[in-house]
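Hi,

Here is the structure I promised to pass on. Have a look at it first, then read my notes below.

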Amino acid sequence: QVQLVESGGGLVQAGGSLRISCTASISIFSFTSMGWYRQAPGNQRELVARITISESTDYADSVKGRFTISRDSAKNTVYLQMTSLEPEDTAVYYCNGARLVSTMATRTYWGQGTQVTVSS
């Protein structure tokens, strides 16, 4: 069973930094891409950052220059380093992994989420 487990969320003051982690139960190279999404109360879940198997990355405009996604294949872990945090970054952050299960089908996996709260 494929599992994604997030950790590292918490409370931080505006302007501060935080790193959250997502550890997979299988090799992260089993996923065509892995990413971080977030969902604030009353809002839809949105993509924050994504890294592909070829290590290309993309970011939401709102976090470009502040957040960095990276991975450690030896630890089967993907990280999201967040700096210059703003109260608007407050949300539950979810790890996501997309895995090709056939030539035509992709299956998506989600972690349970980790809360990030930025105080003003």
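Let's start with Asp-89, which is buried, with a relative accessible area of 1%. Buried means under 20% relative accessible area, exposed means over 50%, and partly exposed is in between (1.4 Å probe, protein chains only).

Before going on, a word on where this comes from: it is a predicted model, so local features need pLDDT of at least 70 and side-chain atom pairs count only at pLDDT 80 or more, while totals for chains, interfaces and linings use all residues. Residues are numbered from 1 along each chain as its sequence is written, and side-chain values use heavy atoms, with hydrogens and water left out.

**Salt bridges**

How many salt bridges does a search of the whole structure find? There are seven, where a salt bridge is a side-chain nitrogen of Lys or Arg within 4 Å of a carboxyl oxygen of Asp or Glu.

One of them joins the side chains of Asp-89 and Arg-38, at 2.9 Å from N to O. This pair links distant parts of the chain, 51 residues apart: Asp-89 is in the loop between strand S8 (77-82) and strand S9 (91-100), and Arg-38 is in strand S4 (residues 33-39). Strands (E, at least two residues) and helices (H or I, at least four) are DSSP runs, numbered from the N terminus. Arg-38 counts as buried too, at 7% relative accessibility.

Asp-89 also has a salt bridge with Arg-66, at 2.8 Å from N to O. Here the partners are 23 residues apart, with Arg-66 in the loop between S6 and S7. Are Arg-66 and Asp-89 buried or exposed? Both are buried. If you follow the links, you get a network of salt bridges made of Arg-38, Glu-46, Arg-66, Glu-86 and Asp-89.

Now compare Glu-55 and Arg-71, whose side chains meet in a salt bridge at 3.9 Å, N to O. Glu-55 sits in the loop between strand S5 (46-52) and strand S6 (57-59), and Arg-71 in strand S7 (residues 67-72), 16 residues apart. Glu-55 is partly exposed at 48% relative accessibility, and Arg-71 is partly exposed at 22%.

**Thr-77**

Thr-77 lies in strand S8 and is buried, with a relative accessible area of 5%. Its side chain reaches the backbone oxygen of Lys-75 at 2.8 Å. Leaving aside neighbours within four places in sequence, Thr-77 is in contact (heavy atoms within 4.5 Å) with residues including Cys-22, Ile-28 and Arg-71.

Happy exploring!

Conventions: Polar contact = N/O pair within 3.5 Å; in protein donor to acceptor, adjacent residues only side chain to side chain.
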